[in-house]
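Trainee: Could you take me through this structure slowly, one part at a time?
Mentor: Gladly; please look at the sequence and the model first.

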Amino acid sequence: MTDITKDPRVIIFFVAVAAALIILAPIPSESGLHTRLKYGLDLEGGSWLQLKLQGAIVEPQVDPINILTKQFSDATGRDVEVDWRPESTDYQITVDGKASATMAEDLGYAQATVTPRGNATKITIPATPAGVIMNYLETSLDSDVKYLGSDPLSFEIRSNVTRDELEAILAQVGGTLVAGDAGFSEGVTEDTVDETKQVLDRKLNRLGLQDIKVRVVDNKFILIDLAGVSIADAQEIVGKPGVFEIRIQTTGNDSMHVLYGDQIVDVSLPQGDQSGNWGVPFTLSEEGALAFQKAAVDTGATKNRMDHDISMYLDEDEIFSAPLAQDLAASLEVAPMKNMVAQVGGDSQRAHELYIHLREGALPVNVEIIGSGQVTAALGSQFKKQVLIAGIMSILAVGLVIYFRYREPKIVIPMVATSFSEVLMMLALAALLKWQLDLASIAGIIAVIGTGVDHLVIITDELLYEGKMPSGKIYLARLSSAFGIIMAAAATTIVAMLPLFGMGFGAFKSFALITIAGVLIGVLIARPAYGRIIGSIMQPGE
Amino acid sequence: MDPETFISKYEPKKMVAISLAVLAVALLIMGFNYIKTGSPVTLGVEFTGGTIITVPVVESEDELAAKLAAYPVLDIRDVGHRYMVQLGPMDDAEYKQLSELVDDEYQDPEIKYMGPVYSTRLQEQAKTYIPLSFLFMAVVVFLIFRTPFVALTIILSAFSDIMITAAAMDTVGVKLSLGTVAALLMLIGYSVDSNILLNNRVLKRKGKTEEKIQGAFRTGFAMTSTTFCAIFALFLVSAFSYLVSSSFTQINILFDISVVLLFGLLADLMNTWVMNANALRWYLASSKKATSRRQKR
């Protein structure tokens with residue numbers, strides 16, 4: 001037999017083990033020694049949240065004329081007539097008798113013109129058919145609705161709504177949903193998911209939390225891992241990202257909607273002036289500034305600012321309320337203003353909270369917590385100790401069984417050493433690819449120790465079939481027969497594990513990864529070398 | 001009796017029948033469980049939805065129950081220096097209150113909440129993925145062993161492994177969790193190991209079938225026992241290490257995985273060496289008869 005130190009399989013094996021040892025060697029850092037291994041939340045401590053984005057993509061089939069007819073006849077209690085005028089892209093509504101000037105506004109149609117014509121009133125609202133349907137959906141669902149496209153006419157509803165609810169609402173105006181999944185599918189568009197993810201990312205990053213992973217699954221689930229944060233805090237931070245709204249006081253306790261958080265394009269850090277008054281400067285979009293000006297003028301806030309407080313709401317909780325500043329009120333009288341400051345007085349803490357609310361109020365959809373949990377760091381490190389013990393005990397147990405089977409140190413030592421080297425290589429690969437080791441993946445490693453040794457037993461027994469190590473051609477034939485069995489077994493294990501990648505939001509991805517990696521490392525690196533080494537050791541002297 | 005002679009001593013048909021009878025009993029147990037709980041394997045909290053908290057033992061179970069009286073507690077168990085509390089459905093506010101209470105009152109609490117959306121999704125996935133995994137394995141087995149009889153016995157044995165393990169889970173009260181599903185999938189891969197060894201040895205080598213089976217059994221038994229011991233170590237640590245140190249506790253997920261793998265390995269021992277080995281003897285004997293009959297003509 002040739003010198004095994006020149007065998008490429010053996011060389012590759014030793015190089016791989018050496019590389020594994022280098023990768024796993026502890027590196028000194030400020031907080032003592034640490035390895036490159038990354039641990040999952042259940043070993044490191046932290047919490048996780050699984051959120052579902054509430055929403056649906058729908059394709060309604062409804063005549064906007066019916067909608068307007070219903071809305072205006074409900075509002076007036078009289079018969080109305082509605083005409084669509086495509087050439088000027090507006091609807092003309094004729095109501096018997098007088099109609100209030102703000103009726104169209106109240107129903108959500110902006111820039112309406114109201115003209116009395118004898119016994120009737122003509123209301124002209126500049127709107128497209130899609131705009132009317134969207135407005136109807138928004139008001140009857142009390143939810144944000146995003147227009148997606150005209151062919152086919154589709155909308156994204158940004159709240160929790162069922163097909164039945166929506167169909168009931170459309171039935172009131174003689175409409176329906178397109179049949180099948182096209183008409184109603186739960187979930188939101190990719191853009192909306194991205195937007196939501198970005199808002200969450202920014203929010204978490206700003207809090208200075210490290211090691212945060214925000215992942216999106218199936219376009220409607222967002223998974224957040226927060227190392228070192230308790231679940232109560234995590235929920236506080238992300239569980240209920242709210243919908244931000246600015247309202248303006250109309251009369252008494254009533255108020256009207258001005259704009260949502262999506263019209264706030266920029267928020268600056270809170271600033272304090274010399275007298276210790278804190279404020280949060282923010283910038284409105286063009287559309288937002290127009291809406292704000294219109295609301296301020298319409299309610300009379302520009303003239304009588306003290307009676308018309310501006311309030312900010314996060315999830316319908318009031319977070320800020322104050323009258324317009326005098327100079328702002330004066331400016332709004334003549335032009336829309338984009339730049340504003342929300343003054344909170346002497347409380348810098350409150351200014352900071354408002355700052356976060358203002359920035360993050362723009363979370364586009366509501367979310368539902370569908371799963372969450374926490375493991376504290378101390379408990380995690382207990383688990384770490386326990387799994388380390390389990391790993392060591394497994395290798396010892398395996399060594400003992402092998403000893404009883406072969407009673408030959410020349411076999412037992414290389415076998416246990418090979419098995420141990422497989423564990424080292426698996427861990428090194430995990431460290432290199434930054435896989436997180438969690439409890440499940442440790443179970444995977446231990447299971448691979450078990451199967452790995454199985455395969456070493458197959459190799460050994462094939463080679464020693466007649467009680468002694470054959471040489472030359474017979475040795476090679478036996479070795480390839482052993483590898484036939486091993487490869488077949490490895491292939492079945494790998495394919496059987498594949499489905500685990502998708503299960504439970506990838507909770508067992510690490511288990512599947514480490515098991516498959518372990519099987520491959522064993523089959524491709526460790527076991528070929530073992531076959532050569534054991535062949536050489538057991539060879540009767542030539 | 002020596003197990004090596006046991007597997008090839010009796011009439012093959014009888015031995016295969018015994019193994020199939022065990023499979024039938026397993027299916028019956030799962031059938032009963034289905035009638036009782038609506039699922040062939042009792043579903044754990046990940047599949048039913050709910051909340052699990054574990055807290056260190058600092059008081060009696062009754063005191064803990066009193067503290068949590070305002071919440072829908074379903075079950076409190078001592079899992080070794082810690083109590084594991086299972087709770088029914090709660091709304092967001094209640095859950096938040098509970099997590100704050102637990103965080104304030106106890107050191108190192110563990111909390112896990114699985115909402116109905118999550119658990120329904122998981123149930124659907126399990127229904128798709130476990131059969132899918134099995135199908136993948138079957139395809140690979142067919143590709144390796146082109147002989148339908150051989151491939152089918154291997155697949156039947158893997159199927160029987162899973163069913164017997166599932167029935168054993170029902171019997172000892174291990175519920176279906178993500179961990180046990182992972183273990184079952186791993187078992188699908190595992191279970192063909194020893195079968196492939198057996199078939200390779202018996203079909204590709206020359207010699208007497210009985211002797212080849214016995215040789216394969218010696219190797220196969222060593223394989224199963226090493227794996228068994230490795231997993232048994234995991235089982236011991238996850239279930240009993242709390243007896244050694246007061247800071248240790250049971251680790252459910254590892255306990256679940258190890259118990260399933262242990263049952264699976266035992267089932268596989270029977271299905272490979274009692275059922276398949278004898279099915280092979282039977283198959284080889286009848287095909288030999290067929291060839292010799294043909295030769296006589």
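**Strands, then domains**

Mentor: Strand 5 (residues 56-58) of chain A and strand 12 (residues 153-157) of chain A are paired in the antiparallel sense over 3 bridges, where strands are DSSP runs of E of at least two residues and helices runs of H or I of at least four, numbered from the N terminus, and two strands pair if DSSP finds at least two bridges between them. This is a predicted model, in which local features need pLDDT of at least 70 and side-chain atom pairs count only at pLDDT 80 or more, while totals for chains, interfaces and linings use all residues. Residues are numbered from 1 along each chain as its sequence is written, and chains are lettered from A and ligands numbered from 1 in the order in which they are written.

Trainee: Which residue is the bridge partner of A:Ala56?
Mentor: The partner lies in strand 12 of chain A, which pairs with strand 5 of chain A in the antiparallel sense. For A:Ala56, that bridge partner is A:Ile157.

Trainee: How many Å apart are the C-alpha centres of domain 1 and domain 2 of chain B?
Mentor: The domain assignment of chain B, automatic or from a database, gives domain 1 (3-41 + 117-290) and domain 2 (50-114). Their C-alpha centres lie apart by 37 Å.
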